[in-house]
Amino acid sequence: MENSVINKKSEPASSVEPVLQVKDLNLAFNTPRGQAKILEGVNFDLFPREILALVGETGSGKSVTAKSILNLIPERSRETRGQVLFGVKDLLTISGKELGTIRGNRISMVFQNPQSSINPVFTLGEQISRLIRLYLSAKINDLKFKTQCSQKQAVESIAREKLNEVGLTDIKRMLKLYASEVSGGMAQRYRIALALISSPEILIADEATSALDVTVQAHILKLMKDLCKNKRTAILFITHDLGIAAQICDRVAVMYAGRIVEVAETKKIFKNPLHPYTRGLLKAVPKLGKNKPLSFVPGIIPDLVSPPRGCRFHSRCDQAMDICHKQKPESLKLEDNHNVSCFLYKE
Amino acid sequence: MNESLISLEQINTWFPNNKSLLGKPRSWIKAVSDVSLNIIEGECLGLVGESGCGKSTLGRAILRLAPLSSGEIRFMGDDIGKLDNKWLKPYRAKMQMVFQDPKASLNPKMTIFKILSEALALNLRVEKENYLEQSVKLLDLVDLRPEHIYRYPHEFSGGQQQRICIARALATDPKFIVFDEATSALDVSVQAQVISLMRELQDKFNLTYLFISHDLSIMEYVCTRVAVMYAGQIIEVQDAGSLFDAPRHPYTKALKNAVPIADPESGKELGILKGEVPKLSDPPTGCHFHPRCNYKEDICSKKSPLVCKTGENSWVRCHFHEKLWKQGILINSKESL
C-alpha cells in the first residue's frame with residue numbers, strides 16, 4: 001500500500017504558507033426579486049501540493065466560489081466583498097491587465113464539460129500550439145537552438161510531450177482533429193494538458209469528471225493525483241461526489257448555501273463528521289457492497305434571496321437549538337485543524 | 001419467482017451510418033446487438049454500462065421508441081415487436097418512461113395540471129371530470145402539495161421536477177416503467193429522496209422497473225437484479241446483492257473497481273481499465289471486451305462467447321467464466337470492501 005492514493009501523508013498545514021487564501025468572501029447577485037446572497041463569509045486556505053475538495057449540493061455556491069477566485073463573474077451583475085489573496089495580491093482588486101498574467105498562467109481552470117470548453121472551430125493542434133507559443137517561448141527557442149529545427153517543429157514536439165504527460169497516445173492524428181471528433185475522456189485529458197502548459201501553481205477543477213464515465217473518471221483522477229505530486233500544483237477540486245473526495249483529496253471543505261460549514265482532513269471528516277449537514281450528506285451517499293437503506297437530509301436548499309436568519313441550515317437540522325435561529329455560527333477551530341461552523345461545538 | 005413481464009428474444013437495433021448517394025446505408029451502428037433478456041414481474045432490473053454502450057437505446061427499444069431491426073419483444077405474452085403505432089397505443093399506456101433531465105421533459109408552457117391531464121387522457125379508467133381530483137392524488141403520491149397543481153415546471157427544484165415526471169408516468173396506470181438515468185442529474189441527498197419514493201411506489205402499485213444508470217453504487221439500493229452492458233451486448237446478469245461482490249465477468253469487476261468509494265479508510269486504489277470503449281459501428285470481433293480484458297486468450301478474438309447460465313435468473317457471456325470463477329480472481333477480497 002505504499003503508493004496508495006489515500007495513504008499519502010499530508011503536509012503539516014501550519015508550517016507551510018498557503019498559496020491561496022480566501023478571506024471572508026461575500027458575493028451577491030442582483031436579481032429582479034432582490035439581492036441573492038450567494039456567498040456569505042467564505043473562508044479557506046489552499047496549501048501547496050494539496051488537493052482540496054469543495055463539496056456540496058447544487059446551488060450551494062461551489063462554482064461561484066471557483067469563478068470568483070479568478071474574477072470570472074462579470075462585475076455589473078454582482079457585489080463582492082472580501083479578499084482572494086494569491087501571494088500578496090488580492091485578485092479581486094488588481095487591474096485587468098495584471099489579472100491577465102495570472103489567469104490561465106499561474107492559476108488555471110478545468111471545467112465540467114470538456115467538449116464545450118474547447119473551441120470547436122480550431123483543431124486541437126492549433127489550440128495547444130497557440131498556448132505553447134504564449135507561455136513557453138523560452139523553451140521553443142531553446143529547442144530550436146539545440147535541434148536546429150523550425151519553430152513549427154519545435155512547437156509540435158513540445159505539444160507531443162505535453163499531451164504524452166496526460167496519457168494520450170496517437171497524438172499525431174489527434175492534433176488534426178476537432179473537439180467534436182474525440183471522446184469525452186480524451187477531450188478532458190487534452191483540456192488538462194492545456195491547463196498545465198504554463199505549470200500553474202493552482203489548478204481549479206470545477207466538476208471536471210462529473211460528465212465522464214466511472215472508468216474514464218478513474219483515469220483522470222489518477223492523472224490529477226500524479227500531477228499534484230510531481231508538478232507541485234495545488235488543486236481545488238470542486239465536486240458533488242463524496243467518493244471522489246475520499247479517494248483523491250487531502251482535505252475536504254463542505255459547503256452549504258453559500259457558507260463553508262466544515263473543513264477537515266479527508267480521513268477525519270469521513271470518520272468523524274461534526275456538522276449535522278456533513279453527517280446527513282455522508283449518510284445519503286450510496287456505497288457499493290453495503291446495502292443499508294439510504295437516508296437523506298429532509299427539505300431543500302433555501303432560497304438565497306431571503307435566506308434563513310442565523311445558521312442557514314437550521315430549518316433542515318434535527319439538532320437545531322434556539323440560538324441557531326438568531327445568530328450566525330462562527331467558524332470554530334477544533335483540534336487537528338478541524339474547522340466547523342456550528343453552535344453544537346461552542347463551549 | 002413470478003413470471004416474466006417482458007421477454008426479449010435476440011433483439012437488434014441498428015442505426016444506418018454513412019449513407020450512400022442513393023440513401024442506402026454503407027454501414028450500421030449496432031447500438032443493441034443480440035440481446036435476450038427477461039424482466040420478471042415485480043422486480044427492478046438495473047442496466048449499467050459506460051456511456052455509448054447502448055443502454056438507453058435498449059430501454060427505448062423495449063418501449064418501441066427506438067426502431068427494432070430484428071427480434072421479438074413480448075409484453076405480458078403479446079409480441080409487440082412488430083405492431084405499428086396504432087396498435088401499440090394500449091400498450092404505451094402500460095409502459096412508461098422517466099428521463100434523465102426532468103427540466104427538458106416537462107413542457108415549460110404547461111401547468112402541472114395540464115401535464116398530468118395529458119397523461120390521464122390515456123388512462124381509460126379515469127373520467128374527464130375527475131382529472132383534477134386524480135391529479136391531486138398523483139401529486140400526493142409523490143409528496144407534492146395540492147397547491148402545486150397550477151404552477152409551471154420552472155417553479156420547482158430538480159428533485160421536485162423529477163417527482164412530477166414520476167407522477168406523470170403513474171397517471172396512465174402503468175405496469176412497467178423505464179427510468180433512464182432518472183437520478184443522475186440530482187444531488188446525492190435529493191437522489192436518495194427520489195429513490196426511496198421509487199421503492200415505495202413500486203411496493204404500492206406492484207410495478208416493474210427497468211433502472212438504467214451508469215452509477216454502480218446506486219444499483220444495490222434500487223435493484224433486485226442487474227444487467228451489465230458493454231458495446232451493445234449484455235454480458236452479465238446477476239442478483240444485485242452478489243454482482244459486485246462476486247462478479248463473473250472481468251468487465252463487471254473492472255467497472256466496480258473504477259467507482260470511487262466514499263471512505264478514505266478503505267485503502268483501495270482506483271482500478272484503471274485500459275483502452276477506450278469500442279465504436280459501435282465497428283465492434284471488435286469475437287468477445288467485444290477482449291481488447292481491454294486482462295484474461296484474454298486466442299479464442300476471445302475469434303469466437304463470440306455463448307450465454308452460460310450461472311443461476312436461476314443469472315447468466316454470463318464469457319469464454320473463461322468457469323476458470324476465472326474457480327480461481328477466484330474476480331471475487332473481491334474482504335479488505336477491499
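Buried means under 20% relative accessible area, exposed means over 50%, and partly exposed is in between (1.4 Å probe, protein chains only). Keep those cut-offs at hand for the whole tour.

**Before you start**

This is a predicted model: local features need pLDDT of at least 70, side-chain atom pairs count only at pLDDT 80 or more, and totals for chains, interfaces and linings use all residues. Residues are numbered from 1 along each chain as its sequence is written, chains are lettered from A and ligands numbered from 1 in the order in which they are written, and side-chain values use heavy atoms, with hydrogens and water left out.

**Stop 1: a threonine in a loop**

Select B:Thr111. Look for it in the loop between β6 (95-98) and α3 (112-120) of chain B. Helices (H or I, at least four residues) and strands (E, at least two) are DSSP runs, numbered from the N terminus. Is B:Thr111 buried or exposed? B:Thr111 counts as buried because its relative accessibility is 13%.

Now show what touches B:Thr111. Contact means heavy atoms within 4.5 Å. Leave aside the neighbours within four places in sequence, and B:Thr111 is in contact with B:Ile149, B:Tyr150, B:Arg151 and B:Tyr152.

**Stop 2: helix α1 of chain B**

Select residues 55-62 of chain B. This is helix α1, and it is mostly covered. Six of its eight residues are buried. They are B:Lys55, B:Thr57, B:Leu58, B:Gly59, B:Ala61 and B:Ile62. Step just past the helix to B:Arg64, which takes a positive phi of about 60 degrees.

**Stop 3**

A salt bridge is a side-chain nitrogen of Lys or Arg within 4 Å of a carboxyl oxygen of Asp or Glu. The structure holds 26 of them over all chains.

Select B:Arg292 and B:Glu50. They form a salt bridge, with the closest N and O atoms 3.4 Å apart. The pair links distant parts of the chain, 242 residues apart. B:Arg292 is in the loop between α9 and α10 (298-302), and B:Glu50 is in the loop between β3 (44-48) and α1. Both B:Arg292 and B:Glu50 are buried.

**Stop 4: salt bridges in chain A**

Move to chain A. Select A:Asp303 and A:Arg33. Their salt bridge has its closest N and O atoms 3.2 Å apart. This pair also links distant parts of its chain, 270 residues apart. A:Asp303 is in the loop between α11 (276-283) and α12 (322-326), while A:Arg33 is in the loop between β1 (20-31) and β2 (34-46). A:Asp303 counts as partly exposed at 35% relative accessibility. A:Arg33 is exposed at 61%.

Next, select A:Arg160 and A:Glu156. Their side chains meet in a salt bridge of 2.9 Å, N to O. Both residues lie in helix α5 (residues 151-165), four residues apart, about one turn of the helix. A:Arg160 is partly exposed at 34%, and A:Glu156 is partly exposed at 31%.

Which residues form a network of salt bridges? Select A:Glu40, A:Arg259, A:Arg312 and A:Lys328 to see it.

**Stop 5: aromatic pairs**

Rings of Phe, Tyr and Trp (its six-membered ring) pair if their centres lie within 6.5 Å; planes under 30 degrees apart count as stacked, over 60 as edge-to-face and the rest as tilted. A search of the whole structure finds eleven aromatic pairs over all chains.

Select B:Phe179 and B:Tyr209. Their ring centres are 4.8 Å apart and their planes are at 80 degrees, so the pair is edge-to-face. B:Phe179 lies in strand β7 (residues 176-180) and B:Tyr209 in strand β8 (residues 208-213), so the pair ties together parts 30 residues apart in sequence. Both B:Phe179 and B:Tyr209 are buried.

Then select B:Tyr230 and B:Phe289. Here the centres are 5.1 Å apart and the planes are at 85 degrees, so this pair is edge-to-face. B:Tyr230 is buried at 1% relative accessibility, and B:Phe289 is buried at 3%.

**Stop 6: where the chains meet**

Show both chains. How many residues of chain B are in contact with chain A? There are 40, and they touch 47 residues of chain A. Across this interface the rule finds zero salt bridges. α6 (188-205), α7 (216-222) and α9 (250-257) of chain B each supply at least two residues of the side that touches chain A. α6(B) gives the most, with seven residues.
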